[in-house]
Amino acid sequence: MVLGVSVLFIGNLIQIGIWAAVFMYYDEFTEFKDAFYHSTVNFTTLCYGDFILGNERKLLGGLEAVNGVLMFGLSSGFLYTLLTSLLRRKHGIRN
């Protein structure tokens, strides 16, 4: 279970990093750490608003939030399936 959570966590961090790189590519930020922070806030749908994208790129923040919601949903489904499988194996239950 720890391995599954770790893989999902790293995968989500990679996606956040990719979004941050996109923001850097479009010159929305001068420092990667700020782009990564903003990306994390968008991806997790916290949307603090302390960094705001330019008018031409505002839609990217919403798209990243949708991506984050979808990925957390998929992650939850994967973890549920993994936990169910582990419990079935532990109790000797066959599908």
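Modeller: Happy to! Let's start with the residues that meet: Gly-4, Val-5, Leu-8, Asn-12, Gln-15, Ile-16, Trp-19, Val-22 and Phe-23 of α1 touch Leu-60, Leu-63, Glu-64, Asn-67, Met-71, Phe-72, Ser-75, Phe-78, Leu-79 and Leu-82 of α3. Contact here means heavy atoms within 4.5 Å, and helices are DSSP runs of H or I with at least four residues, numbered from the N terminus. This contact of α1 with α3 divides into 13 nonpolar, five polar and one charged residue. In that count Ala, Val, Leu, Ile, Met, Phe, Trp, Tyr, Cys and Pro are nonpolar, Asp, Glu, Lys and Arg are charged, and the others, Gly among them, are polar.

Before going on, a word on the source: this is a predicted model, in which local features need pLDDT of at least 70 and side-chain atom pairs count only at pLDDT 80 or more, while totals for chains, interfaces and linings use all residues. Residues are numbered from 1 along each chain as its sequence is written, and side-chain values use heavy atoms, with hydrogens and water left out.

Now the geometry. Helix α1 (residues 2–25) packs on α3 at an angle of about 170°, with the axes 11 Å apart. The axes are lines fitted to C-alpha atoms, for helices over the stretch in contact, and angles run from 0 to 180 degrees between N-to-C directions. The pair therefore counts as roughly antiparallel, given that angles under 35 degrees are roughly parallel, over 145 roughly antiparallel, 65 to 115 roughly perpendicular and the rest oblique.

Helix α3 (residues 58–91) also packs with helix α2 (residues 32–43), at an angle of about 60° and with axes 7 Å apart, so α2 is oblique to α3. On the α2 side, Ser-39, Asn-42 and Phe-43 make the contact, and the α3 residues include Gly-61, Glu-64 and Phe-72. Five nonpolar, five polar and one charged residue make up this contact of α2 with α3.

Finally, the largest nonpolar core consists of seven residues: Trp-19, Ala-20, Phe-23, Phe-29, Ala-35, Leu-53 and Leu-60. Such a core is a set of buried Ala, Val, Leu, Ile, Met, Phe, Trp, Tyr and Cys residues joined through side-chain atoms within 4.5 Å, where buried means under 20% relative accessible area (1.4 Å probe, protein chains only). With three residues, α1 gives the most to this core. Leaving aside neighbours within four places in sequence, Ala-35 is in contact with Ala-20, Phe-23, Met-24 and Phe-29.

Notes. Helix = DSSP H or I, 4+ residues; strand = E, 2+ residues; numbered from the N terminus. Buried < 20%, exposed > 50% of the residue type's maximum accessible area, 1.4 Å probe, protein only.
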